[in-house]
Amino acid sequence: MKLSRMRKALAAAMVCMTASVASAQDLRPEFVLTASHARASEDLSGIWTYGLDLYRTGLTDINGWVAKSRMQRFRDIDVEAEEAKGGTTLLEFDMDRGPQMDIPGAWNAVEPELRYYNGLVWFQPKFTPQAREGERAFLRFGAVNYKAYIYLNGEEVGRHEGGYTPFSLEVTDLLREGENRLVVGVDSEHDAQSIPTPITDWDLYGGITRPVELVYTPETFIDDATANLTTEERIKGYIDLRGPELAGQDVEMSIPELDLTATATTDDAGMATFDVAVPEDLELWSPETPKLYDVEFRAGEDTLVDRIGFRTVEVNGADILLNGEPIFLKGISMHEEEFGTNPARRITEQAARALLGEVKDGLGGNYVRLSHYPHSDVTVRLADEMGLLVWSEIPVYWTADWENPDVLRKAQTMQAEMIYRDRNRASVIIWSVGNETPVDDARTAFHNSLADTARELDPDRLISAALLVKRTDDENGTTLSINDPLLDKLDVLAVNFYGGWYGEDTLDDVAKMKWDTPLDQPLLFSEFGADAVAGFHDASVSKKFSEEYQAAFYESTLAMASGLPNLRGMSPWILKDFQSPRREHPVYQNGWNRKGLLSETGQKKMAYDVLADFYRDH
Ligand code: GCB
């Protein structure tokens, strides 16, 4: 064996070894705070002050020394009052008198000078919590992109890495009566060891992009609870307590609308499981009837109510079965970006409804690919309510430091944070473990580990990945195949395909291409698409960036895809034009990827109706 190949094989083996270390149990977030929106809480969102810190002087000094106290933005100090005392005090920050920003929302949209700012920004709200005797308090962040450093009243509470998943930190003993000072350092910089790595095809969107809440719980509380319909026609679930009284607690899960009550007793770790027969009058959740039930979890003085739908999903040969019936996934891909000329990834319920409404009512879809990272909980809960199936993924996108066990651990942690957040959402049917990552041993070992942990964490959903297509040109023409050892770990094959857009192929060439894919598994087109500028027309249909070309591209790709015997769905790229610093054609793009069926303000392009018609006929 050549030395380089030996090294690769060894590295792959090392990746596998570390994978077994991160068991599903190890990956559980310290606090899940499931259904936290249903708890007593205070929303800390609103106007916060901020200060830039491009050289990260608030975190460290030169030579890795501790940051100078005059630079430590997180100090619990009234700078103006200190200065008024006179004397020798020197402070080179003042979080109280900084400029202001509306949180949540990415900073890129706020000021022109922040449009492409990529680094550390300090944020501060001051707040006065309600007095809540005997309760525990947690700071819950919906998402901070990308690294977060959290301080309350001058003390470090915790850190978090990963821009799209929630995290909760206990602050019971740090909260004080009266005014509290929360300081959050947010570093948007990505590097070769981050997930994703620095170059993607979407906007940086640095900042605190989802709500920050102070959530209260009893001393011993239900930190996590699930209820899920399995293919054996059982409702299974658990209650997982945190607090001083874990063992031997009588706990209960009930669905009043179905007169269903299940009781259990917790083990020493505070865990109790349920496994009950499905009541006869259970109305299954589906895109046509997105029925949700109030499910009540009770433990001691704690009660938690979540709205949960019950459905099964499985694969049988090349079919995807929803509630036992084959389903074709009529979908579209979507980034987490609201309509508007200057989006800030501010996903209010109204913003999410506008996007998902286009999928469900406009295109007549039943499915959405939430690409390329876990989207806001608001979106996923709305998908439950509106009846849209969901593909959800972590941003293992194009590349990662495959041979680095710490990076694998990072990806697994993100995946666990996503799964723990959304495992009660009926809409979510697919966890994807990667997007367009070139095949090699170390990369496959990395993805295999992600697939294994996803399955261990959630055996009741399907695993997929958006794969690259292998192209062969010979005397028989062009053959497209999926030649990827990762297939063994996937329930559903998915491919991204851009023939007729990137490269020299004409749309006629695409129509003649042959596919050679395994036929015993369902196949999804996880992406295909072409740019078009809304309102730019070209009667000859030959000009890229015209609406006509995009529409013709959709027509020919849909015709080609329809010939694939195991095609079971698609999520073309993409619902709406989205910001991307990768797309800088000065006439057509100007920082926008134009593959939307809608412009950034919601203007329909011709291809929109091509897809809507196709879905109406399927
Ligand atoms: C892809 C990527 C997606 C890009 C898209 C494009 O394959 O998965 O993130 O935005 O192509 O527009 O090229």
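Predicted model: local features only at pLDDT ≥ 70, side-chain atom pairs only at ≥ 80, totals over all residues.
Local features require pLDDT of at least 70 and side-chain atom pairs pLDDT 80 or more, whereas totals for chains, interfaces and linings use all residues. Residues are numbered from 1 along each chain as its sequence is written, and side-chain values use heavy atoms, with hydrogens and water left out.

Beyond its neighbours within four places in sequence, Phe-525 is in contact (heavy atoms within 4.5 Å) with residues including Val-495, Trp-515, Leu-564 and Met-570.

Salt bridges (a side-chain nitrogen of Lys or Arg within 4 Å of a carboxyl oxygen of Asp or Glu) number 57. One of them joins the side chains of Glu-189 and Arg-56, at 3.6 Å from N to O. Because Glu-189 lies in the loop between strand 12 (180–187) and strand 13 (207–208), and Arg-56 in the loop between strand 2 (46–52) and helix 2 (79–84), the pair ties together parts 133 residues apart in sequence. Helices (H or I, at least four residues) and strands (E, at least two) are DSSP runs, numbered from the N terminus. In another salt bridge, the closest N and O atoms of Glu-257 and Lys-291 are 2.8 Å apart. Glu-257 is exposed, at 51% relative accessible area, whereas Lys-291 is buried, at 18%; buried denotes under 20%, exposed over 50% and partly exposed in between (1.4 Å probe, protein chains only).
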